[in-house]
Amino acid sequence: MSDSISVQTSTEDIYELHFGYDLSAELEEFVQHYGSAKAFLMVDAFVLKHHRTHFEKALKSHFNELHIFEVPRGEQAKNIEIYKQAVDFVLSEGAERGTPLIAIGGGVTGDLSGFVAATVLRGLPLIHIPTTLLAMVDSSIGGKTGINHHTGKNLVGSFYQPAAVFADVKYLETLPEKEWVNGLSEVLKYGMIHSPEILEQVNTLIKENTFVDGKSWLPLIQQSAKIKVEIVAEDVLEAGKRAFLNFGHTFAHVIEKQGDYKLYSHGEAVYAGMIAAVHASNSLGANIDLSNLMQFKPLYKLNLNEVKASPEELVYLMKTDKKVKDEQIQLILLKELSSPYVYKVSDTAFVQRAWEHTL
Ligand code: NAD
Ligand code: ZN
């Protein structure tokens, strides 16, 4: 069972995003066109332990040599030291220009491996096999790769498009609920900024209690990915519309930072950030029903009372963020559901009120 979406990033570059349950046959067929007898695999440690036979089955028939680099679990793998180890591994095991590098894991593995692929020999063919909900609907699409720096997240990286993406929901069978919820925030985001019917569909899936059942999530995953593809295709290098994907994220970043990136997951912070963004939108004249988001509250363990900073301090953190220019905070707000716009604000009292309503 499979389906695909074509992604065009420039007039020459088109790649396919494949979706389905067990994409072994599609993957096996795709890799046939590589002349190389070897491939490099960068695989999340958990995925390597639990799904190794699944991906090896598809790759072994074509490649005589699979060189596997195990990516440690967690955000700390996106660091310069692991990047260096991976580059050393790939070069010392004899990578050549056409040797493909296959990233199998969540967003951490994808971002790190993508950056290795982008930089080794000025570019190895890259295949993404996202294994988390977040990676399937978000990080494997759009070509952003990179690692963190001690002064901030994702500060070293490049835009580098894959040759193909295989979103095989069979991997999701082992995904813990916490990680489903983490990725769910991005799905809800697509519902808020683009396709409100997604919110209803998520509601139905959750009532049926179908976390872990990747198959029933497949249509929603595909629809979400398609929205990201569309937005990114119109703005490959992030000059305009792509900013809409940051809905909830300007608020979220300070929550994550305030919790030292440990207390709150990205998804939890984005969920809270979207609530703040709805409050902010409504105070500027929109009339968005907050229950669009609040109906999912029971899934989120985040207790906003635990956010120790005051609304005033959170605004200060927003204003002093590295990406802020001239103390103007850039927010993505909604005129109504599915109508996002960019709002640059120096009136911090207004942002503070949005926090007060949220916390
Ligand atoms: P992750 O890669 O850390 O994966 C989360 C956890 O799930 C890890 O512990 C991992 O071992 C485990 N895991 C992965 N697949 C599994 C499976 N099938 N079954 C069981 N466990 C599994 O995190 P993530 O949420 O996938 O990605 C977050 C990262 O993505 C962040 O670093 C973020 O900056 C990045 N990101 C990048 C983009 C982009 O455009 N490049 C967009 C959004 C997020
Ligand atoms: Zn996000």
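**Shell of ligand 1.** I sorted the shell around ligand 1 by class and found seven nonpolar, eight polar and 10 charged residues; Asp, Glu, Lys and Arg count as charged, Ala, Val, Leu, Ile, Met, Phe, Trp, Tyr, Cys and Pro as nonpolar, and the others, Gly among them, as polar. The model is predicted, so local features need pLDDT of at least 70 and side-chain atom pairs pLDDT 80 or more, while totals for chains, interfaces and linings use all residues. Residues are numbered from 1 along each chain as written, ligands from 1 in the order written, and side-chain values use heavy atoms, without hydrogens and water.

I noted R73, E75, T131, T132 and T174 as the nearest of the 25 residues around ligand 1 (a heavy atom within 4 Å). Domain 1 (2-174) and domain 2 (177-211 + 213-358) both contribute to this shell, so ligand 1 lies between them; the bounds come from an automatic or database domain assignment.

**Polar contacts.** I looked up N or O pairs within 3.5 Å. Oxygen atoms of ligand 1 lie 2.7 Å from a side-chain N or O atom of E75, 2.8 Å from a polar side-chain atom of K78 and 3.0 Å from a backbone N or O atom of V108. The protein covers 89% of the 870 Å² of accessible area that ligand 1 has on its own (Shrake-Rupley method, 1.4 Å probe).

**Zinc ion.** I found ligand 2 coordinated by E186 (OE), H249 (NE2) and H266 (NE2) at 2.0 to 2.1 Å; donors are N, O and S atoms within 2.8 Å of the metal (3.2 Å for Na, K and Ca), and water is not among the atoms, so sites may look incomplete. The donor spacing in sequence is E-x62-H-x16-H. H249 is buried at 7% relative accessibility, whereas H266 is partly exposed at 21% (buried is under 20%, exposed over 50%, partly exposed in between; 1.4 Å probe, protein chains only).

Conventions:
A polar contact is a pair of N or O atoms within 3.5 Å; within protein, one must be able to donate a hydrogen and the other to accept it, and residues adjacent in sequence count only if both atoms are side-chain atoms.
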